[in-house]
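Trainee: Could you take me through one part of this model in detail? I would like to look closely at the sheet and the helices around it.

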Amino acid sequence: MALNFTFSAFADEADPNFDLQLAALKRNRIPLLEIRGVDGKGVLDLTDAELETVCEKLAEAGIGVSAVGSPIGKIGIRDDFAPHFEKFKRAVEIAKKLGTARIRMFSFFIPQGEDPESCFDEVVRRVSALVAYAEENGVHCCHENEKGIYGDTLARVQKLHAAVPGLRCVFDPANYIQCGDDPAVNFKALAPMIDYMHVKDALFADGSVVPAGEGDGSVPQILAALADTGKPYILTIEPHLFDFSGLSALQDEELTHKRVYRSGEEAFDAAADALHAICEKINL
């Protein structure tokens with residue numbers, strides 16, 4: 001079977017240094033980058049001059065950008081939306097500059113102990129505004145299921161996408177596990193709307209992240225099912241196997257790992273090796 005997959009990755013998990021990120025991608029035969037952190041700065045905080053340098057280095061390395069890995073939607077649902085929306089406008093500018101039509105985003109954190117459904121109308125209002133602005137500018141909002149936001153379980157992801165048809169779906173198996181959902185079940189339900197997939201696995205026992213295929217995320221089976229469709233898919237490696245610079249800012253709780261890696265580069269290579277191995281088996 002000829003796999004119609006293209007690999008991408010969050011290379012800032014290999015190293016904060018952008019040059020070393022590009023080296024990690026090339027070393028692991030990954031042609032695309034989901035850009036999130038550059039030389040210690042969040043992608044949305046890059047100046048125009050810094051962004052120009054990024055474009056030059058990407059072109060020189062022959063690396064494309066699959067998506068802007070933005071933090072849009074990772075604020076509380078009751079936090080002020082206006083300045084966040086201005087930040088999103090910058091994300092759209094950056095996506096266009098980098099030649100990608102995708103912005104990864106989220107659906108806002110729900111106050112602890114509160115019924116997420118009580119926030120549904122405001123979530124839809126905000127997400128709809130983001131999607132409308134993006135589409136007007138030729139860019140797509142791609143929603144990632146993340147623990148603690150409105151769209152973190154199957155039922156709420158489905159409800160959100162039904163309410164905002166222009167919203168695209170990013171499938172993250174490990175995040176579903178950390179919410180108590182079964183990724184295999186969720187994949188069957190969401191398969192028709194999945195735009196691309198984050199390759200990240202975890203264990204139900206404690207939510208710890210492990211290399212793809214070693215957890216409870218049914219990653220090999222899901223990838224085989226995607227391959228059977230014959231459609232082109234981007235698979236974005238998000239290792240989360242090492243306490244890389246910025247990890248603590250991305251999630252509220254510290255993750256434990258079943259293996260110890262000496263560096264972000266070693267962990268990144270292990271995550272890439274795991275995906276390559278799964279795809280080689282599927283391709284037999």
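Mentor: Start with a term: contact means heavy atoms within 4.5 Å. Angles run from 0 to 180 degrees between N-to-C directions. Keep in mind that this is a predicted model.

Now the sheet. Eight strands form an open sheet in the order β1-β12-β9-β8-β7-β6-β5-β2, and the pairing is parallel. β1 (5–9) and β2 (32–35) are at the edges with a single partner strand each, so one side of each has no neighbour in the sheet. From one strand to the next, the twist averages 30°.

Look at one pair inside it. Strand β8 (residues 168–171) and strand β9 (residues 194–199) run parallel, joined by three bridges. Here Phe171 stands opposite Met197 in β9. Helix α7 (residues 183–190) lies across β8 and β9 and runs at about 155° to β8.

Helix α1 (residues 18–27) also packs on the sheet. This helix touches β1 and β2, and its direction makes about 140° with that of β2.

Next, helix α4 (residues 120–136). At 1.5 Å a residue, its 17 residues should span 24 Å, and its end C-alpha atoms are 24 Å apart, so the two agree. Its buried residues include Phe120, Val123, Val127, Leu130 and Ala134. An α-helix has 3.6 residues a turn, so residues three or four places apart point the same way. The buried residues of α4 pack against β6 (102–105) and β7 (140–144), and also against α3 (81–98) and α5 (154–163). Just after α4 comes Gly138, with a positive phi of about 75°.

Methods. Residues numbered from 1 in each chain as written. Predicted model: local features only at pLDDT ≥ 70, side-chain atom pairs only at ≥ 80, totals over all residues. Heavy atoms only, no water. Pairing = 2+ DSSP bridges. Helix = DSSP H or I, 4+ residues; strand = E, 2+ residues; numbered from the N terminus. Expected span 1.5 Å × (residues − 1). Buried < 20%, exposed > 50% of the residue type's maximum accessible area, 1.4 Å probe, protein only.
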